[in-house]
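Here are my notes for a first reading of this entry. Please keep the sequence and the 3D view open while going through the points.

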Amino acid sequence: MTILSRMIIVGALLWLGYVMFLDAHTQQAMENTDQSKIVITFAGVILVALVAGVFLAMSIVSAIGDWMGNVVVNPGEQAAHDPHNDAQARVAQGDYEGAIRIFLEIFEKDPADVHALSEAGRLHAEKRGDIASAAAVFENALQAELPHEQSAFIANKLVDVYWNYQGDAARAKGLLAQIIETMPETKYAANALHRVHEIDRALLTGHAPKPPPTNV
């Protein structure tokens, strides 16, 4: 039941109570009036008032509940639509190309959203087996001027493609060397140096990754 419906019922009950009250008052003023009838009429007025009060309270509580819900869940505006959900829905449907397109559009609109770019590259490599396109996603992104944190993140994703998927130690180490050179004395350079050592150890011990077959 809507608040408007409750308020209409409350108004009708109050009017009924008022009419009954006037009737009881009129009977009380008359001579030889049955007192029991007056008492019953006044009892009816009280009952009607109580019912009206219950409906009024329900209406107020409901309105307050709706208001509090809007304040807590939706403070003054509709929740922003998250395009990541659209992309994930495409993934669930097996439409990897559609998901990749959405993720790339997200990154184009917001270059700080490197997670969207990472997902686009991952889907190319893991779901489509298109390693070249996965590499291109990150290579193209690195052409832009980005903050150190973002560029280091993207560069490391590209290293993953070069090393884990293509087994190309030279290109992987070359990209890590660029991070060390362009971001000296930073955590990004330290992490890049650590990865260089890991690649060298893998090469020495014969544990270099074997590139998986691709669909391209």
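**Notes on the helices, the core and the salt bridges**

1. Start with a check on the length of α4. At 1.5 Å a residue, the 14 residues of this helix should span 20 Å, and the C-alpha atoms at its ends are 20 Å apart, which agrees. Keep in mind throughout that the model is predicted.

2. Next, the inward-facing part of α4. The buried residues of this helix are Gly-98, Ala-99, Ile-100, Ile-102, Phe-103, Ile-106 and Phe-107. Their packing partners are α3, α5, α6 (131-141) and α7 (148-165).

3. Setting aside residues up to four places away in sequence, Phe-103 touches His-84, Ala-87, Gln-88, Ala-116, Glu-119, Ala-120 and Leu-123. Two of these names, His-84 and Ala-87, return in the next point as buried residues of α3.

4. Helix α3 covers residues 83-92, and His-84, Ala-87 and Val-91 are buried in it. Why do these residues lie on the same side of α3? They cover an arc of only 60° around the axis, which puts them on the same side of the helix. The buried residues of α3 pack against α4 (96-109) and α5 (114-127).

5. Both ends of α3 can be inspected. After the helix comes Gly-94, which has a positive phi, near 85°.

6. Now the nonpolar core. How many residues does the largest nonpolar core have? It has 41 residues, and those with the most contacts inside it are Phe-103, Leu-117, Phe-138, Ile-154, Leu-176 and Ile-179. Two or more residues of this core come from each of α3, α4, α5, α6, α7, α8 (169-182) and α9 (187-205). The largest share, nine residues, is given by α7.

7. Is Asn-156 buried or exposed? Its relative accessibility is 19%, and buried means under 20%, so Asn-156 counts as buried. Apart from neighbours within four places in sequence, Asn-156 is in contact with Leu-176, Ile-179 and Arg-195. Leu-176 and Ile-179 are also among the residues with the most contacts inside the largest nonpolar core.

8. Turn to the charged side chains. The structure holds eight salt bridges. One of them joins Arg-90 and Asp-95, with an N to O distance of 3.1 Å. Arg-90 is partly exposed at 28% relative accessibility, and Asp-95 is partly exposed with a relative accessible area of 28%.

9. Arg-128 takes part in two of the pairs to look up. Its side chain meets that of Glu-97 in a salt bridge at 3.4 Å, N to O. Arg-128 lies in the loop between α5 and α6 while Glu-97 is in helix α4, so this pair ties together parts that are 31 residues apart in sequence. The side chains of Arg-128 and Asp-130 also meet in a salt bridge, at 3.2 Å from N to O.

10. The surroundings of these partners can be compared by their accessibility. Arg-128 is partly exposed, with a relative accessible area of 23%. Asp-130, at 9% relative accessibility, counts as buried. Through shared partners, salt bridges join Glu-97, Arg-128 and Asp-130 into one network.

11. Consider an alanine in α9. Ala-202 is found in this helix, and at 13% relative accessibility Ala-202 counts as buried. Not counting residues up to four places away in sequence, Ala-202 touches Trp-163, His-207 and Ala-208. Ala-202 and Ala-169 are 33 residues apart in sequence, and their C-alpha atoms are 9.8 Å apart in space.

12. Finally, an alanine in α2. Ala-43 is placed in this helix, which runs over residues 35-73. Ala-43 is partly exposed, with a relative accessible area of 43%.

How values were computed
Residues are numbered from 1 along each chain as its sequence is written. This is a predicted model: local features need pLDDT of at least 70, side-chain atom pairs count only at pLDDT 80 or more; totals for chains, interfaces and linings use all residues. Side-chain values use heavy atoms; hydrogens and water are left out. Buried means under 20% relative accessible area, exposed over 50%, partly exposed in between (1.4 Å probe, protein chains only). Helices (H or I, at least four residues) and strands (E, at least two) are DSSP runs, numbered from the N terminus. The arc is that of the directions from the helix axis to the C-beta atoms. Contact means heavy atoms within 4.5 Å. The expected span of a helix is 1.5 Å times one less than its number of residues. A nonpolar core is a set of buried Ala, Val, Leu, Ile, Met, Phe, Trp, Tyr and Cys residues joined through side-chain atoms within 4.5 Å. A salt bridge is a side-chain nitrogen of Lys or Arg within 4 Å of a carboxyl oxygen of Asp or Glu.
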